[in-house]
Amino acid sequence: AFTLRAPQLARQPGDESLDLAKPVFVFPVGEAASEGGIELWEMSSDTAWVSPQGDEVRLMGDVRADGPGTDGMAASMRTERLDVFPRAERARSDERVTVRNGGSIIHSGRGLRMDLANRHYQFLSDVEFRYVPDR
């Protein structure tokens, strides 16, 4: 469901969850995931927790998520916390999130629900939108 790199990993003996320092995750998504993992989201943070079954990943502190895309249209997200559900290809946050599509379109808001496979996202409140045309 994902690949991960981290300089430090600790498995909790009680429930076998993982605690990570400075992790970098790569999540394959969408139809392409079953055909070689062409579409990838790369996500990093200060710390992370992974559930024992690997079906939930909690990224915490300086979260950076960079999604698939071509011709400068890749999406990137910045927040302080992001919960990712790799099997469901979904992510959510209750924190302030900034999403940049390409270099020109910037959205931000508090609370986010996202389908990673089709890059469909919904902000829950305090939404701001800015379009900065290329010059």
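I began with arginine 64, which comes out as partly exposed at 36% relative accessibility. This is a predicted model, so I keep that in mind for every entry here.

**Entry: arginine 64 and its partner**
I looked up what arginine 64 pairs with, and found aspartate 62: their side chains meet in a salt bridge, 3.6 Å from N to O. Aspartate 62 is partly exposed too, with a relative accessible area of 36%.

**Entry: how many salt bridges?**
I then wondered how many salt bridges the structure holds. The count is nine. As a reminder to myself, side chains of opposite charge can pair when their charged atoms come close.

**Entry: arginine 58**
Next I checked arginine 58, and its salt bridge is with glutamate 56. The closest N and O atoms of this pair are 2.9 Å apart. Is glutamate 56 buried or exposed? I have it down as buried, because its relative accessibility is 15% and the cut-off for buried is under 20%. Arginine 58 has 28% relative accessibility, so I list arginine 58 as partly exposed.

**Entry: aspartate 83**
My last stop was aspartate 83, whose side chain meets that of arginine 81 in a salt bridge, with 3.0 Å from N to O. Aspartate 83 counts as buried, at 9% relative accessibility. Arginine 81 is partly exposed, and its relative accessible area is 29%. Which residues do shared partners join into one network here? I noted Arg81, Asp83 and Arg92, linked by salt bridges that share partners.

Note on methods: Residues numbered from 1 in each chain as written. Predicted model: local features only at pLDDT ≥ 70, side-chain atom pairs only at ≥ 80, totals over all residues. Heavy atoms only, no water. Salt bridge = Lys/Arg side-chain N within 4 Å of Asp/Glu carboxyl O. Buried < 20%, exposed > 50% of the residue type's maximum accessible area, 1.4 Å probe, protein only.
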